[in-house]
Amino acid sequence: MPARAVNVPWFREAKKKGEAFTVLSLYEAWSARIAEEAGVRILLVGDSLATSIQGHETTLSVTMDDMVYHTKAVTRSAVRSFVIADMPFLSYGVDETDAVRNAGRFLSEAGAHAVKVEGGAEIAGVVSRLVERGIPVLGHIGMTPQHYLRIGGYRVQGRGEPGAKRLVADAKALEKAGVFGIVLELVTEETAARVTKTVGVPTIGIGAGRKVDAQILVFHDLVGLNTSFAPNFLKRYAELGEDATSAVKQFLADVSSGKFPSEENVFHNNP
Ligand code: KIV
């Protein structure tokens, strides 16, 4: 098996060296293989699975079993990557024993190398428990989609001095609890820069501007599979959704006109 370039100590080292890196959120074997072939070495199996794949409006309904299933699909093909699995809504932070058992499943059953949890100082206790038991944890603050209902939508976080102070305090609490990195989602560039300067672990931004240590995007968004999702922080590097629609239209047209199947697509009794 090829050696993995990334492990937990690597994250602090990368920050020290000022080495910018990329992470992709994806959910199955094919996109994982494409990401590895392109040179990405850190993959997140995000609970955005709910909105990108399962057709839900929020991430609240994803289950542990859904996440373990998809994490297995990724680890089966991403043999050179550091794979992080997202802990679903209420699978941590309610009962610490449950949190340890659930996080442990990602490592022992699904072959992940770490888990991600959403929240700041309020979940520092459970983060410490996980880390103490040998489960590496990536934090996630700013717009935390699992708190969508309380926040009242996907809103930019960290605005104004109180917003910035809260995120800095959350990041410090997570670092003290032992996270190896922190995702900053939908955070103003100024506040993201302040958080990034404050902590010794890398910040991984999505909609958090340029002054973070790393960037993460969702594979499906980056390649344009979801044509109706176009927030301003996203850059689409391909239009696979449009390409797929025209391919299917062409198939329909070819079947109705009799162009498909053609002679080269059929089997004969006598080859
Ligand atoms: O679920 C997810 O894909 C995520 C990333 C967008 C950070 O949490």
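Me: How many salt bridges does the structure hold?
Reply: There are 13 salt bridges (a side-chain nitrogen of Lys or Arg within 4 Å of a carboxyl oxygen of Asp or Glu). This is a predicted model, where local features need pLDDT of at least 70 and side-chain atom pairs count only at pLDDT 80 or more, while totals for chains, interfaces and linings use all residues. Residues are numbered from 1 along each chain as its sequence is written, and side-chain values use heavy atoms, with hydrogens and water left out.

Me: Which residue does Lys15 form a salt bridge with?
Reply: Asp213, with the closest N and O atoms 2.7 Å apart.

Me: Which parts does that pair tie together?
Reply: Lys15 is in helix H1 and Asp213 is in the loop between strand E7 (203-206) and E8, so the pair links parts 198 residues apart in sequence. Helices (H or I, at least four residues) and strands (E, at least two) are DSSP runs, numbered from the N terminus.

Me: Other topic. In what order do the strands close into a barrel?
Reply: Eight strands close it, in the order E1-E2-E3-E4-E5-E6-E7-E8, with parallel pairing. Two strands pair if DSSP finds at least two bridges between them.

Me: How many bridges join E3 to E4?
Reply: Three bridges join strand E3 (residues 82-86) to strand E4 (residues 114-116). Ile84 stands opposite Ala114 in E4.

Me: Pockets now. What volume does the largest pocket have?
Reply: About 540 Å³. A pocket is an open set of points on a 1 Å grid over the protein atoms alone, where a 1.4 Å probe fits, with protein on both sides within 12 Å along at least five of seven lines. The volume is the space filled by probe spheres set on the points, which are joined across faces, edges and corners.

Me: What lines the largest pocket?
Reply: The lining has 27 residues (each with an atom within 4 Å of a point), and Ser48, Thr51, Glu185, Val218 and Phe229 lie nearest the centre. Helix H3 (49-52), strand E6 (181-185) and strand E8 (214-218) each give two or more residues. E8 supplies the largest share, three residues.

Me: And the second largest pocket, what volume there?
Reply: About 250 Å³. Of its 15 lining residues, Gly142, Arg150, Gln157, Arg166 and Asp170 are closest to the centre. Strand E5 (137-142), helix H7 (148-151) and helix H8 (160-177) each give two or more.
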